[in-house]
Amino acid sequence: MTVSAAPVEDAVMLSPADIADKEPVPPLRAAVRSPFCRAAGLGLAGLARLLAGASVRWIASQPDTCQRVYFANHTSHLDALVVWSSLPQSVRELTRPVAAKDYWSRGFVRRWLAEEVFDAILIDRTDIKVHQSPVDMMIREAGTTHSLIVFPEGGRSVTGEIGEFKSGLYYLAKKRPDLELIPVHIDNLNRVLPRGEFLPVPLLSCISFGPPMWLERGEAKLDFLARSRRAVLALKE
Amino acid sequence: MNDNRTIALVAGVLALLTAATAVGQFLKRHPDRGLDPAAIRTFNNRLRGWWILCTVLAAAFWLGTTATVILFGLVSFWALREFITLTPTRKGDHRALFWVFFLFTPLHYVLVGLNRYDVFSVFLPVYATLFVLARVAFAGDYKRFLERTAKIQAGLVVCVYCLSFAPALLQIPIAGASDADRTGNFRLLFFLILLVQFADCMQYVWSRMLGQRLVAPAVSSNRTWEGLLGSATSTALLAAALWWAAPPFQLWQATLAGLVVAVMGFAGGMTMSAIKRDRGVKDYGTLVVGHGGVLDRIDSMCFAAPVFYHITLLITGVKPG
C-alpha cells in the first residue's frame with residue numbers, strides 16, 4: 001500500500017484525553033462572547049437563512065453537540081455562513097467555520113464577523129508553514145468542545161461540479177479519529193452569490209446533512225478522500 | 001364590517017368551513033366508512049390551508065389596503081423565488097435578477113399601492129422587459145439569449161404582474177361607496193379568491209367523478225375536459241348565488257365572472273404543470289422539503305386575477321386610477 005507523501009509531522013493518533021493533557025483547554029469562546037455579538041450572530045443566522053431561502057435536511061443523521069467535522073462542497077462565499085446558520089443554535093454556538101484568511105480578514109466588517117460572530121478559524125492559504133500546518137491549527141482550535149465546518153476542495157468550484165478533495169480532511173480524520181465526519185451538500189448557493197459577485201439574488205437553496213463517517217482502519221488517503229467526496233455527492237440526489 | 005352583506009359573507013364562510021372541518025374530522029376518526037384514507041387526508045390538509053388563508057386574509061383586510069398590498073407583494077416575491085430557482089439561469093443573468101428582485105418587484109407593488117394604474121400597467125411588461133434584455137446583453141453572455149430573458153420575463157409577468165391585479169381590485173372606485181369605505185372592495189377581492197379556490201376544487205372533483213378525456217396527457221395526468229366543464233359550470237353557479245356580495249356586479253355579470261375565473265384558473269394550472277413537467281419536478285415544493293410551494297397555490301390566481309380585474313372595469317365602466 002503506497003500512501004503518497006507522508007504528512008510532515010508523523011500522524012500520531014491523539015485521543016481527546018491526550019489533548020486535554022498536553023495543552024490547556026482553549027477558553028470557550030462562546031462563553032466569553034459579548035451579548036451583542038451573540039445577538040448579532042442570531043440575527044445574521046436568521047438573515048442568512050431568509051436570504052438564501054435555505055431549507056435544511058438531515059438525511060439519516062441528527063444534529064448533535066458532540067465534536068464533529070462538517071465537510072461540504074464549496075460554491076460561494078456564503079457557504080460557511082449558511083451551513084453555520086443551518087445548525088440548531090445549541091450546536092451552532094460550538095461550531096466554528098474554517099475559512100480563508102485572505103477573504104475574511106479583509107476589511108473591518110468581515111474581520112469582526114469572522115472573529116467575534118462566527119468565531120471562525122482563519123487559515124492563511126497563501127503562506128502555509130511546515131511547523132504551523134492548517135490541520136494542526138484546526139485541531140488545536142477545536143480543542144475538546146468545538147466542531148468544525150471545512151471545505152475540503154480548498155476553494156470555490158468554478159463550474160459548479162464538486163472538485164477533488166484536498167488531503168487536509170484525511171489528516172484531520174487520522175489525527176482525531178474520535179471526530180464524527182458529517183458530509184454536507186450545499187445546493188444552489190452558487191446561484192445566490194456566484195463567484196465574483198457581491199450582490200445576492202434571493203433564490204432558494206438546500207443544505208443536506210448526511211450520516212457520520214470515519215476513517216477506516218488502514219484506509220488509504222486517496223480512497224478516503226474519494227469516499228468522502230462521494231458521500232457529499234450522494235446527498236445531491 | 002358593519003354592513004349586512006359583509007356579515008352574511010363572513011358568517012357563511014365560517015359556517016361552511018366549520019361544517020367541512022367537522023365532516024373531515026368525523027371521517028378521520030371513522031376510517032371504516034370505505035372511503036379512501038388518502039383522499040380524506042388531502043381533504044383535511046386542504047381545509048387546514050383554507051383556515052390559514054382565511055385567517056391571514058382577515059388580518060390583512062382588517063389592517064387595511066396597504067397591508068393587503070404588502071401581503072400580496074410578499075407572496076409574489078416568494079413565488080418568483082420559486083420560479084427562478086427552478087429555471088436554469090446563467091451567471092450572466094445574475095445582475096439582471098438582482099434588480100428584478102430588489103427593484104422592479106417592490107416598486108411595482110408600491111405603484112399598485114399608490115393606485116397608479118397608468119404606470120403599473122406598463123411598468124413590468126414594458127420597462128422591466130427592456131431592462132432585462134439590455135442588462136443581460138451588457139453582461140456579455142449571448143448563449144441562448146432569448147430563452148434566458150424570456151424565462152425571467154415570464155416569471156415576472158406571472159408571479160408579480162398578474163398576481164398584483166388581485167390587490168389592485170381594492171383601488172377600483174365603487175359606485176355608491178365613499179372613498180374611505182373600502183368594504184365593498186375587500187368583498188370583491190374575497191369573491192375572486194373564493195371563486196378561484198372553488199374552481200380548483202371543483203376541477204378536481206369533476207375530474208375524479210366523470211373525468212374521461214385528458215386535455216393533454218403529457219402535461220397533466222388529472223386535468224380533463226369534463227373537469228374544466230364541470231368546474232366552469234359550478235363556479236358560475238356559485239358566483240350567481242353570491243352575486244350580492246360583489247358590489248359592482250349584477251347577477252349575469254357575476255355569473256360571467258365566475259365562468260371566466262374557472263377557465264382562467266384551469267389554464268393557469270395547466271401552464272404551471274407544463275413548466276414543472278419540463279423541469280422534471282412534481283410540484284414547486286419538492287425542492288424545499290416541508291414547504292408546500294407558494295407557486296403551486298397561486299397558479300390559478302395568477303391567471304384569473306388580471307382577467308377578473310379587467311372584466312370588472314369593462315362591465316362597470318369605471319375608470320381606474
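Biologist: Is B:Asn115 buried, exposed or partly exposed?
Modeller: B:Asn115 counts as partly exposed, because it has 18 C-beta neighbours inside 10 Å. The class is buried if 20 or more other C-beta atoms lie within 10 Å of the residue's own, exposed if 12 or fewer, and partly exposed in between, with C-beta atoms placed from the backbone. This is a predicted model, where local features need pLDDT of at least 70 and side-chain atom pairs count only at pLDDT 80 or more, while totals for chains, interfaces and linings use all residues. Residues are numbered from 1 along each chain as its sequence is written, and chains are lettered from A and ligands numbered from 1 in the order in which they are written.

Biologist: Where is B:Asn115 found?
Modeller: B:Asn115 is in the loop between helix H4 (94–113) and helix H5 (117–138) of chain B. Its phi is near 65 degrees, a positive value in a residue other than glycine. Helices (H or I, at least four residues) and strands (E, at least two) are DSSP runs, numbered from the N terminus.

Biologist: And A:Asp119, buried or exposed?
Modeller: A:Asp119 is buried, with 21 other C-beta atoms within 10 Å. A:Asp119 also has a positive phi, about 60 degrees, although it is not a glycine. Its place is in the loop between helix H7 (108–117) and S4 of chain A.

Biologist: What is the strand order in the sheet of chain A?
Modeller: The order is S1-S7-S6-S2-S5-S3-S4, an open sheet of seven strands with mixed pairing. Two strands pair if DSSP finds at least two bridges between them. Strand S1 (55–58) and strand S4 (121–123) of chain A are the edge strands, each pairing on one side only. Direction ignored, neighbouring strands are turned by 20 degrees against each other on average.

Biologist: How many bridges join S3 and S5 of chain A?
Modeller: Three bridges, between strand S3 (residues 95–100) and strand S5 (residues 147–150) of chain A, which run parallel. A:Arg96 has A:Leu148 in S5(A) as its bridge partner.

Biologist: Which strands does helix H8 of chain A touch?
Modeller: Helix H8 (residues 134–142) packs on the sheet and touches S3, S4 and S5 of chain A. Its direction makes about 170 degrees with that of S4(A). Axes are lines fitted to C-alpha atoms, for helices over the stretch in contact, and angles run from 0 to 180 degrees between N-to-C directions. Contact means that the C-beta atoms of two residues, placed from the backbone, lie within 7 Å.

Biologist: Back to chain B. How many helices and strands are there?
Modeller: Chain B has 11 helices and zero strands. Its C-alpha trace spans about 60 × 50 × 30 Å along the principal axes. Of its 321 residues, 39% count as buried.

Biologist: What are its domains?
Modeller: Domain 1 (1–60), domain 2 (64–171) and domain 3 (177–321) of chain B, with bounds from an automatic or database domain assignment. The contact between domain 1 and domain 3 of chain B takes six residues from domain 1 and five residues from domain 3. Helix H1 (residues 4–29) of chain B gives the largest share of the domain 1 side, three residues.

Biologist: How many residues of chain A are in contact with chain B?
Modeller: 13 residues of chain A are in contact with 15 residues of chain B.
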